[in-house]
Amino acid sequence: TGKEKWPRGDEKIWKAGMRGVDTDVASITKSFVNHVQTSLARQAHNLDDLGAYQAAALSVRDNLILNWDDTQLTYTRKAPKRAYYLSLEFLMGRTLDNALLNLGLKDQYKDGVKELGFSIEDLLDKERDAALGNGGLGRLAACYLDSSASQELPVWGYGLRYKYGIFQQLISPEGNQLEAPDPWLDNQNPWELPRLDVAYEVRFYGQAERLNDGTPRASWTGGQEVLAVAYDVMIPGCYTKTTNNLRLWESKPKRGFDLNSFNAGNYEGAIESSNSAAAITSVLYPNDHTSFGKELRLKQQYFWTAASLADILRRFKNLGKSITEIPDYIAIQLNDTHPTLAIPELMRILIDDEDLDWNKAWEIVNNTFFYTNHTVLPEALEKWPVPLMEHVLPRHMQIIYDINLFFLQAVEKKFPGDRDRLSRMSLIEEGFPKQVRMAYLACIGSKKVNGVAELHSDLVRTTILKDFVEFEGISKFGNVTNGITPRRWLDQCNPELSDLISKTLKVEKSVWLKSLDKLEGLLPFAEDARFRREWAAIKQRNKERLAHYVQTTLGFTINTHAMFDVQIKRLHEYKRQTLNILGVIHRYLTLKAMTPEARQKVNHRVVFFAGKAAPAYYIAKLTIRLIVNVARIINADPDTKEYLTVYFIPDYSVSVAEVLIPASDISQHISTAGTEASGTSNMKFCLNGGLLVGTVDGANIEIAESVGESNVFFFGHLTPDVEDIRYQHMYHPIPIEEKCPALANVLNKISGGMFGDGGVYEPLLKTIRQVDYYLIADDFDSYIAALAMVDEAYLDKTEWIKKSIKTVAKMGKFSSDRAILEYAESYWNVEAISVAK
Ligand code: BZD
């Protein structure tokens, strides 16, 4: 209303205190020194880079807080419909550089810290990654937050504040992955604001009794109550005042510890329950693409969804609207099935607390939730054992049974007598134990369901949710192709290229970074020799930056005039890092067999791998071991090392990706067709002028459509054939020596001990020689042929650079701004609102 009364005292004095933060260099240095002296209680003469980073971060944070406050006030006043992105993972990486760029303050801070005797690059390097995610799914959530703020959409994220993020990866001398904890909060986190006053009680276990009073209500009592406390992380938009919120929950015991047990001398018992509460948010589960059925994971999921819903509903209630208007003010996006318990939880609140009837409650739920699927791999589809659910969440299990009953009644009505269909579609999978199928629950409880690339969304519609499409109609099942934020994945990680683009397009970054289609303006410059030289020189400097990183962290000297070939992603059989390393061995054997003269015509290549394997994923860890040992042998071979070297970069992270991606000439996205839902690093590489080697899978397909088939290197069998080939593997297997002699030779070399004890690798080799579920042997020859095409194309440097420029020019579609606007417009019905300057 603009007529608020100041809470207390003299309005003039309040206003005088609210001058905001000045952003000229002199004010910045003043604020920096002030934080050194007061917030950090340190002295100028013994301030190290870490302290200076913290002072800079605190000073930047002051800007964010004021913008955040104005944004939240605007939201409260205008009461727009808001969206909430529920994700168990937010893989944020570092914040300072991103905040400086989005605020448009990088130059001022650079100058300011320089005057104080520091280099901004050194300070940026002191920040630890916030690594609260496994891979693509978590990083996508982070990109969507950046885009929501940049596009001025009222979107909040909700997640967990894990004390330990994804483990740190160490590589033993034998080449084994070792895991160490990631205590990322140890030197304090300037980017979070504890909100100790925002807290909710979350119940586990106990008893659920139906009231049987003619209503569907029940009471849920007893058990364990745990406190959820909010920590807010500010999410600045790019060149806008809008600063959104990511609210992360920490678990705490409701009451310190049990004083009765303590006084009775049972000290361990007294702290046990307090420890079990704190344990909920202690660590991120490091498994991707597997469903484990562990009680603590279930508790994480419920703790987070219950706290988030309570918070969302409290905010809604402050609007003074009727509870039935929830879908007019709230849209909740479920990032995969991890937050699916929000569906029965909202039913519980509406029925047990708000006393709505079943149908009304279900209608509200059905118009509030939206579900994104990120995988069709069967082993990754979440299922929870019914006995575990009954134990931990007895009331929710009742509600799920009720949802199932009404749902199956409706299915029966539409398809009378089709018992197979009923058992296929039931939320409860029969077996010992019975299990709850979370993807089905997410699907029927949501207004819309989407996959993350065209092919993947088709597969969702025709495979895992086929019956649901037949029952509910196709229009509920859509696609939103993933995107990436060009702020972090171009402007921040590749500043020289970003500057060149601005200069060439004669468009401000504040414009093209938010309308990425403008990159098309680069197309004519592919024909400009001077521009191509600048383009190539930047790629070269990015390669040198990567070489410097490898030199200083691993001690290896890299030939920066070679082609840089990069595959960085979680280790997984379906992603086929094995195919890549087997291809490397094949190339090595070919080189060895050549005369020195013949060798001289061969393209020099440096192959980089990075990625973590889930700690219990034996075959994936064996692949790492093979890569490390292949590198050890090949890199030391005087005949070939000029032509081919291999590096496994340990402890892959967002920050490491920011160095690797801009340096690539080619990158590999070589999953078995139909297995990689989208992939997002494929987009990052292409946006940085690296060309794509890949299968016809996920978003690779749409990238090729955008940049042109002639600018990508595709190979391998297509999705519709994969099932048939697997069938043949089972019933008409062809020995590998026959099917692919080149590969058989490579496998024999490994078995024969060329890369250390061959026996070690037998379990890995067996997966290929025997079942070959991921079609390594079927795709090997065409993979090698694609890499030969790459070599051929790279010979013509001019043409290569043209391809690189044309690729970048056509990557506009893959901005996460486009993706988040699709969610806002076509799914949530949420509109942008601007925050007054
Ligand atoms: O999600 C990934 C897909 O594999 C990619 O193809 C896709 O691009 C991204 C974003 O849509 N999925 C994951 O990253 N999944 C997980 O990390 C995960 C984590 C926990 C449990 C299950 C899966």
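Two residues are in contact if their C-beta atoms, placed from the backbone, lie within 7 Å. The model shown in these views is predicted: local features need pLDDT of at least 70, side-chain atom pairs count only at pLDDT 80 or more, and totals for chains, interfaces and linings use all residues. Residues are numbered from 1 along each chain as its sequence is written.

**View 1. Domains 1 and 2 and the contacts between them.** The chain is divided into domain 1 (24-78 + 109-127), domain 2 (79-94 + 129-480) and domain 3 (510-817); these bounds come from an automatic or database domain assignment. Between the C-alpha centres of domain 1 and domain 2 the distance is 35 Å. In contact across this boundary are 14 residues of domain 1 and 15 residues of domain 2. On the side of domain 1 that touches domain 2, there are 7 nonpolar, 3 polar and 4 charged residues. For these classes, Ala, Val, Leu, Ile, Met, Phe, Trp, Tyr, Cys and Pro count as nonpolar, Asp, Glu, Lys and Arg as charged, and the others, Gly among them, as polar.

**View 2. The shell around the ligand.** The shell holds 18 residues, and those that come nearest to the ligand are Gly 136, Leu 137, Asp 288, Ala 677 and Ser 678. A residue is near a molecule if its C-beta atom, placed from the backbone, lies within 6 Å of it. By class, the shell has 5 nonpolar, 11 polar and 2 charged residues. Domain 2 (79-94 + 129-480) and domain 3 (510-817) each supply at least three residues of the shell.

**View 3. Helix α2 and its buried face.** Helices (H or I, at least four residues) and strands (E, at least two) are DSSP runs, numbered from the N terminus. A residue is buried if 20 or more other C-beta atoms lie within 10 Å of its own, exposed if 12 or fewer, and partly exposed in between, with C-beta atoms placed from the backbone. In α2, the buried residues are Ile 28, Ser 31, Phe 32, His 35 and Val 36. Seen down the axis of α2, they fall within an arc of 140 degrees, so they line one face of the helix; the arc is that of the directions from the helix axis to the C-beta atoms. An α-helix has 3.6 residues a turn, so residues three or four places apart point the same way. The buried residues of α2 pack against α3 (49-78) and α5 (106-115). The end C-alpha atoms of α2 (residues 25-37) are 18 Å apart, in agreement with the 18 Å that its 13 residues should span at 1.5 Å a residue. The expected span of a helix is 1.5 Å times one less than its number of residues.

**View 4. Helix α26, largely enclosed by the rest of the structure.** Of the 17 residues of α26, 13 are buried. At 1.5 Å a residue, helix α26 (residues 618-634) should span 24 Å, and its end C-alpha atoms are 24 Å apart, which agrees.

**View 5. Surroundings of Arg 576.** Arg 576 is in the loop between β19 (563-568) and α24 (577-592). Arg 576 counts as buried because it has 27 C-beta neighbours inside 10 Å. Leaving aside neighbours within four places in sequence, its contacts are Ile 670, Ser 671, Thr 672, Tyr 774 and Ile 776. Arg 576 and Tyr 774 are 198 residues apart in sequence, with 7.7 Å between their C-alpha atoms.

**View 6. Trp 384 in strand β14.** Strand β14 covers residues 383-385. Trp 384 is buried, with 27 C-beta neighbours inside 10 Å. Not counting residues up to four places away in sequence, Trp 384 touches Gly 293, Leu 298, Met 389, Gln 435, Val 436 and Met 438.

**View 7. Phe 780 in helix α34.** Helix α34 covers residues 776-795. Phe 780 counts as buried, having 25 C-beta neighbours inside 10 Å. Apart from neighbours within four places in sequence, Phe 780 is in contact with Leu 579, Cys 740, Ala 742 and Leu 743.

View 8. Phe 432 and Pro 433 are joined by a cis peptide bond, with omega about 0 degrees. Glu 152 is buried, with 20 other C-beta atoms within 10 Å, whereas Asn 212 counts as exposed, with 9 C-beta neighbours inside 10 Å.
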